[in-house]
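Hi,

Here is the structure I promised to send over. Have a look, and my notes follow below.

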Amino acid sequence: CTPPYACFFLDQLESSFMQTETRKPLNWFRYIDDIFFVWTHGEDSLHKFMSNLNKFNKHIKITYDFSKEHIPFLDLNVSLAEGKLFFDLYIKSTDCHQYLHYTSSHPEHTKRSIVYSQTLRISKICSLEKDFQNHSSQLRHWFFQRGYPEKIVDTEMKKVKFSNNRKKQL
């Protein structure tokens, strides 16, 4: 957080507010000023909860979106199916996929690492192998657009395997 006291303030606000509520979220996750939570008490009580939160501190107002099916949070698309949360990669419409161009004067290991790390990121996010395969294919295309040789892209991407053994559900 910048400045350092901003995160502490939000922690205090959350903690103080939650003590006033009888109905609380099942889960609550915050990254800086983005919050994701699971609400199991019905839509009317969700709106009341958010109204109470916005009244709790006159200087802090929170906007929110909600869905019973899927919602983006940071770089995740979180969906609910069969009573479980699943994760997929969320890409904003403004994302131009401007990865480092291969002709840049960065060291070779840096360029290889970008391919590997972005593929690994996708594998850690996606709950389903079909989503991992789809996003990896798109990523491959974007690296080609940035001048990366096919051999380097394929070598680095093959190092990353999808594993459904990872726990990717809440």
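Let's start with a pairing: serine 79 sits across from phenylalanine 86 in strand 5. Strand 4 and strand 5 (residues 84-89) run antiparallel and are joined by six bridges. Two residues lie between these strands in their hairpin, where glutamate 82 has a positive phi near 55 degrees. Strand 4 (residues 76-81) also runs antiparallel to strand 3 (residues 70-73), with four bridges, and proline 72 is opposite asparagine 77 there. Strands are DSSP runs of E, at least two residues, and helices are runs of H or I, at least four, numbered from the N terminus; two strands pair if DSSP finds at least two bridges between them.

A word on the source: this is a predicted model, where local features need pLDDT of at least 70, side-chain atom pairs count only at pLDDT 80 or more, and totals for chains, interfaces and linings use all residues. Numbering runs from 1 along each chain as its sequence is written, and side-chain values use heavy atoms, leaving out hydrogens and water.

Now the rings: there are 14 aromatic pairs (Phe, Tyr or Trp, using the six-membered ring of Trp, with centres within 6.5 Å; planes under 30 degrees apart are stacked, over 60 edge-to-face, the rest tilted). Phenylalanine 29 and phenylalanine 36 are stacked because their centres are 6.4 Å apart and their planes at 25 degrees. Phenylalanine 37 and phenylalanine 49 are edge-to-face, at 5.7 Å and 65 degrees. Ring pairs also join Phe17, Trp28, Phe37, Trp39, Phe49 and Phe56 into a cluster.

Cheers
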